[in-house]
Amino acid sequence: EWQPALKNVSSSWDVGIIDGLSGWTTSVDDVPADTISRRFRYDVALVSALKDLEEDIMEGLRERELDDSICTSGFTVVVKESCDGMGDVSEKHGCGPAVPEKAVRFSFTIMSISIRAEGEDDGITIFQEQKPNSELSCRPLCLMFVDESDHETLTAILGPVVAERKAMMESRLILSVGGLLRSFRFFFRGTGYDEKMVREMEGLEASGSTYICTLCDSTRAEASQNMVLHSITRSHDENLERYEIWRTNPFSESADELRDRVKGVSAKPFLETQPTLDALHCDIGNATEFYKIFQDEIGEVYQKSNPSREERRRWRSALDKQLRKKLKLKPVMRMNGNYARRLMTREAVEVVCELVPSEERREALQKLMDLYIQMKPVWRSTCPSRDCPVQLCQYSYNSRQFADLLSTTFKYRYDGKITNYLHKTLAHVPEIVERDGSIGAWASEGNESG
């Protein structure tokens, strides 16, 4: 039971898998509405997840030597939400209904459960998800045949989910756990989104925008000039305020002035996400960038002005051939997580250096990779203060050095431009870790592998 009762949520209790459009069927055309999505009701799914953890909760209370008969209220559950598009899901043969060939999966993971005793300030954690990025802890909530770029359909389907989530934040769940009724409140943190999805949910311009970052207001040019010193300023509430300014233009400004005032917020933010960095796509984005640096260094671009496409193609095939021969790394169409992890190693950089003519450039490349390898565990590990305390302490220093290398030795690539994830890696990691304790634990892998 919920107290107070949930607003906007049907009161029938025997709820299984429901039609994802649940009541919006008239708003989506082109596709037979009853095929487009399936979901669980959010509150029912959470109850089911808590019941699955019943033994863990009781054990947690015992381990902390808490008397379970007095621990009936004050439970707090922290939920990670993830949402990602899934590419080609077309029917290979057979003839189902005509649906989009892309799908989207929205899911959640129960990250921790804590309890606050009467009169105490701090909660005691009684359950912590040990594998927050496993598909086993990542529970699907809604599966839909939608292209993640189709903003209208996506928001029509996730609308009821957002309404249910909002209702649950204003209420408490009374649930029988270990034979006693206990009261739970929920905190939702939308961190399992890649940058494309965050921008879509938060009303920001697409990722090629001059407003490079989903965490701060920096422009691409500013981010490449000052690579390290930025702090997190964006938030869902601020994005909503900025959208209102964009919509009403209270100071009657020109389009450019207005856009500069709202820092690229030009659509209505729809779902609250937590401003963080997606560790998996950070890996991939940075590896893509290094792959391009490797090509440029093989071709000694720092000496030339704009080389032809033919030359670039030659360097690329030389790089692919070398990686395949020495590291058994097959070229991929699009960078993926596994390729990224194998490319970003000392052995990979040594193999690439065999093709780089100048000794000085080889040293710079190795230094760059060394710094990166020092930095990476901080945003990959589930608990950096426990797993890599030394790297965590040195992060700001290392990122400073990394930025200096980019802006001097590799200036030809970073003059006035920098990629989104590289900016976030250099500028925002320490602040997020300080706030959340971890970046890796809140990433989107669980949903990705699910």
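**Exercise 1.** Work out how Arg-400 and Asp-404 are placed in helix H15.

*Solution.* Start with the helix: H15 covers residues 389–408, where helices are DSSP runs (H or I, at least four residues) numbered from the N terminus. Arg-400 and Asp-404 sit four residues apart in it, so about one helical turn separates them. Next, look at the side chains: they meet in a salt bridge at 3.7 Å, N to O. That term means a side-chain nitrogen of Lys or Arg within 4 Å of a carboxyl oxygen of Asp or Glu. (Buried means under 20% relative accessible area, exposed over 50%, partly exposed in between, using a 1.4 Å probe and protein chains only.)

A quick note on the model: it's predicted, so local features need pLDDT of at least 70 and side-chain atom pairs count only at pLDDT 80 or more, while totals for chains, interfaces and linings use all residues. Residues are numbered from 1 along each chain as its sequence is written, and side-chain values use heavy atoms, leaving out hydrogens and water.

**Exercise 2.** Find which elements the salt bridge between Arg-413 and Asp-296 links.

*Solution.* First, the contact: the two side chains meet at 2.8 Å, N to O. Then place them: Arg-413 belongs to helix H16 (residues 411–414) and Asp-296 to helix H9 (residues 279–298), 117 residues apart. Last, Arg-413 counts as buried because its relative accessibility is 18%, and Asp-296 is buried at 3%.

Key: Helices (H or I, at least four residues) and strands (E, at least two) are DSSP runs, numbered from the N terminus.
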